[in-house]
Amino acid sequence: YYGEDEVNAIISIKVDTKDADKIAMSVASLDNIIDLFLVTGDTDILAKARFASYKDLKNFVLNKLSEINGIKETKTLMVVTTFKEGGKLITQGEA
């Protein structure tokens, strides 16, 4: 459905609050995770991840994240267009 193009995703993760630091470190250690933040608000952890394809993203969420104890819920947002990354503006056609 999504083809075989590289996929960037923002993953929102709700966790058992008492184990938030431990869970964050477990998620951060996964290869596809580029950035990870412990945050306040409706979610506990925000992660930016990169995958070779949609299939790899799906396998990551279903097989890797699901193995980490303490994760209550995830919400995955696929990036459609990147306008700025790493502090650098990206012109159309570069993303």
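**Glu 6 and the overall picture**

Glu 6 is exposed, with a relative accessible area of 53%; exposed means over 50%, buried under 20%, and partly exposed in between (1.4 Å probe, protein chains only). The model is predicted, so local features need pLDDT of at least 70 and side-chain atom pairs count only at pLDDT 80 or more, while totals for chains, interfaces and linings use all residues. Residues are numbered from 1 along each chain as its sequence is written, and side-chain values use heavy atoms, with hydrogens and water left out.

**The sheet**

- Four strands form an open sheet in the order β2-β3-β1-β4, with antiparallel pairing; strands pair if DSSP finds at least two bridges between them.
- The edges are held by β2 (33–38) and β4 (71–78), each with a single partner strand, so one side of each has no neighbour in the sheet.
- On average, and with direction ignored, neighbouring strands of this sheet are turned by 20 degrees against each other.
- Strands (E, at least two residues) and helices (H or I, at least four) are DSSP runs, numbered from the N terminus.
- Five bridges join β2 to strand β3 (residues 45–51) in the antiparallel sense.
- Phe 37 has Leu 46 in β3 as its bridge partner.

**The helices**

- Helix α1 (residues 20–28) lies across β1 (7–15), β2, β3 and β4, and runs at about 170 degrees to β2.
- Helix α2 (residues 54–64) packs on the sheet and touches β1, β2, β3 and β4, its direction making about 170 degrees with that of β4.
- Axes are lines fitted to C-alpha atoms, for helices over the stretch in contact, and angles run from 0 to 180 degrees between N-to-C directions.
- Leu 57, Phe 60 and Val 61 are buried in α2.
- These residues cover an arc of only 90 degrees around the axis, which puts them on the same side of α2; the arc is that of the directions from the helix axis to the C-beta atoms.
- The buried residues of α2 pack against β1, β2, β3 and β4.
- Exposed residues Lys 55 and Leu 62 sit on the face of α2 turned away from its buried side.

**Ile 10**

- Strand β1 contains Ile 10, which counts as partly exposed at 30% relative accessibility.
- Leaving aside neighbours within four places in sequence, Ile 10 is in contact (heavy atoms within 4.5 Å) with residues including Leu 46, Ala 47 and Lys 75.
- Between Ile 10 and Leu 38 there are 28 residues in sequence and 13 Å in space, C-alpha to C-alpha.

**Salt bridges**

- The structure holds five salt bridges, a salt bridge being a side-chain nitrogen of Lys or Arg within 4 Å of a carboxyl oxygen of Asp or Glu.
- One of them joins the side chains of Arg 50 and Glu 6 (3.7 Å, N to O).
- Arg 50 lies in strand β3 and Glu 6 in the segment before β1, so this pair ties together parts that are 44 residues apart in sequence.
- Arg 50 is partly exposed, its relative accessible area being 29%.
- Lys 18 and Asp 19 form a salt bridge whose closest N and O atoms are 3.3 Å apart; Lys 18 is exposed at 70% relative accessibility, and Asp 19 is partly exposed at 28%.
- Glu 85 forms a salt bridge with Lys 48, with 2.3 Å between the closest N and O atoms.
- This pair links distant parts of the chain, as Glu 85 is in strand β5 (residues 84–85) and Lys 48 in strand β3, 37 residues apart.
- Salt bridges that share partners join Glu 6, Lys 48, Arg 50 and Glu 85 into one network.
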